Amino acid sequence: MKIIFVFGILCGLLASCKTKENQPPQIAVRDTTIKVENSFTELFIDTTALSRFVSRQATQDSLANKMQSFYNRRNYQFAWFFPDGMADFVHTFLSLQDDYIHDSGDSSLYDSRLMARIDSLQLRKRILPTDSMVIQTELGLTEHFFRYAQKAYSGDGSINIRELDWFIPRKKINPGAFLDSLLKNKGENLASYEPVNRQYNLLKEQLRSYYELQKQDWTELEPVKKLRKGDSSSVIPEIKRRLVLLGDMVPADSTDMFDSTLVEGVKSFQARFGLKASGEIGAGFFTELNVPVSERIRQMLINMERIRWVPAAPSTDYILINIPEFRLHMYEKGQLAFDMNVVVGSQAHSTVIFAGKLNQIVFSPYWNVPPGILKNEILPGIRKNKNYLARHHMEWNGSSVRQKPGKSNSLGLVKFLFPNSYNIYLHDTPSKSLFGESQRAFSHGCIRLSEPQKLAQFLLRKDSTWTKEKIKAAMESGKEKYVRLRGMNEVPVFIGYFTAWVDHTGKLNFRKDVYGHDQKMAQRLFASAKQVSALESD
């Protein structure tokens with residue numbers, strides 16, 4: 001399945017991210033060129049009102065600075081009121097907030113006092129800038145919008161993403177710029193400036209359909225050992241009903257016969273859940289079909305939270321690897337060029353979630369055996385068999401061991417480097433059979449590619465000297481050769497972890513939580529009893 005969500009964070013942000021996050025944003029200079037005659041509204045707020053509001057609300061320095069910058073840029077014009085009444089886009093914002101509360105089950109953003117003031121002011125036809133209720137509502141809406149934007153578009157700030165083994169820096173948003181766009185567009189055409197990855201809204205639409213699906217009967221089905229086309233079983237009518245509800249089948253007959261229509265529906269379901277699309281029903285099929293709808297809703301909410309951490313799709317070349325999907329996706333100028341199966345780290349040697357820049361291709365590489373593998377595997381092998389190194393085409397290289405280039409090399413015939421502190425890279429492999437498995441978490445942490453030559457050809461496509469034949473010859477030469485990708489030819493690499501997403505055909509996909517990251521996220525995201533109860537009652 002091809003993923004349409006993408007990331008645009010650069011690895012170089014890692015070092016400076018923590019320091020910058022601890023500093024309140026700088027306050028914008030006041031724009032005194034804005035006068036009544038060229039203003040958005042004829043209403044202006046007293047500058048001291050903002051200071052009193054911030055002090056009384058005990059607003060954090062970061063939020064206070066954002067509010068002051070917002071009003072400085074507009075020379076303290078009102079944002080939410082006109083002389084003849086409340087702006088229509090107040091309700092646009094409140095609808096956004098209501099959608100967030102409904103979809104997430106998180107009611108912590110709801111402010112009953114602010115809502116009461118809005119209700120009492122929305123029918124007024126004459127607004128006075130000195131009215132204390134108007135001032136409090138104006139500033140309260142701005143503060144509330146900034147809180148909403150941070151939580152809805154950048155994620156729950158109380159979650160430390162590094163504790164969840166996520167080392168891609170969290171997306172930073174500019175709520176002031178977002179609010180400026182909302183005002184400028186009068187709450188219309190939100191999708192054109194909403195600071196969110198497109199995948200977020202696609203997943204949100206699916207989430208709402210699952211809230212409706214939760215109303216359907218979804219009791220656990222008793223697994224049948226094996227069902228295939230032509231078989232009959234009392235469980236088949238219920239399987240058909242569920243596949244129709246899930247969108248894998250169009251409404252069909254309710255007989256107990258396993259017909260060709262059901263075969264296609266089963267294949268669709270299997271593909272969406274990362275199972276082998278055989279069209280036959282077995283234990284794996286029942287395992288996925290029996291997962292309660294409430295659990296799938298939580299799975300989507302967990303992944304929507306992750307998607308809040310990443311920015312909108314870039315329009316450049318980049319590589320996206322989704323660990324639970326075991327797939328690499330190569331994008332050219334923001335459009336999917338191709339994808340391929342990969343093998344990722346096992347549970348004991350999990351692949352790290354981070355971002356980097358691919359800048360080197362190594363043909364016919366040596367494999368420098370990592371210290372851990374040397375200690376735990378190679379040295380014991382040498383002690384048992386003095387010919388161990390020769391048998392495995394290895395040699396001593398100083399105090400370490402390396403494997404010589406060639407077809408039996410553990411890295412295969414080519415590797416791709418993107419400098420990082422985790423010693424993770426992409427590479428070929430002589431163990432091709434593992435790519436046929438549906439679950440492909442077998443490596444020591446690096447990522448094995450099913451079609452490495454295809455990736456090398458794509459990365460070197462702009463250099464006419466690197467023909468398909470030359471690349472193949474370099475891979476098979478037995479002599480290590482480094483090729484540097486320079487400047488604009490360097491390619492961002494994003495290693496992500498998403499167990500729910502919407503693919504390029506509009507189908508909802510789920511995958512297993514191979515490293516237990518969803519489980520850890522759930523402990524933080526659903527810690528609030530209020531969120532849990534709201535989720536279960538929807």
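Residues are numbered from 1 along each chain as its sequence is written, and side-chain values use heavy atoms, with hydrogens and water left out. Because the model is predicted, local features need pLDDT of at least 70 and side-chain atom pairs count only at pLDDT 80 or more, whereas totals for chains, interfaces and linings use all residues.

Helix H3 (residues 61–73) packs with helix H7 (residues 175–184) at an angle of about 40°, the axes lying 9 Å apart. H3 is therefore oblique to H7, a term for angles that are not under 35 degrees (roughly parallel), over 145 (roughly antiparallel) or 65 to 115 (roughly perpendicular). The contact (heavy atoms within 4.5 Å) is made by Lys66, Phe70 and Arg73 of H3 together with Pro175, Gly176, Ala177, Leu179, Asp180 and Leu183 of H7.

Rings of Phe, Tyr and Trp (its six-membered ring) pair if their centres lie within 6.5 Å, and planes under 30 degrees apart count as stacked, over 60 as edge-to-face and the rest as tilted; by this rule the count comes to 27 aromatic pairs. In one of them, tryptophan 80 and phenylalanine 145 have ring centres 6.2 Å apart and planes at 50°, so the pair is tilted. This pair links distant parts of the chain, 65 residues apart, with tryptophan 80 in the loop between H3 and strand S1 (81–82) and phenylalanine 145 in helix H6 (residues 132–154). Tryptophan 80 is buried (under 20% relative accessible area), its value being 0%, and phenylalanine 145 also counts as buried, at 0%. Ring pairs link a cluster whose members include Phe70, Trp80, Phe145 and Phe178.

Technical notes. Axes fitted to C-alpha atoms, helices over the stretch in contact; angles between N-to-C directions. Helix = DSSP H or I, 4+ residues; strand = E, 2+ residues; numbered from the N terminus. Buried < 20%, exposed > 50% of the residue type's maximum accessible area, 1.4 Å probe, protein only.
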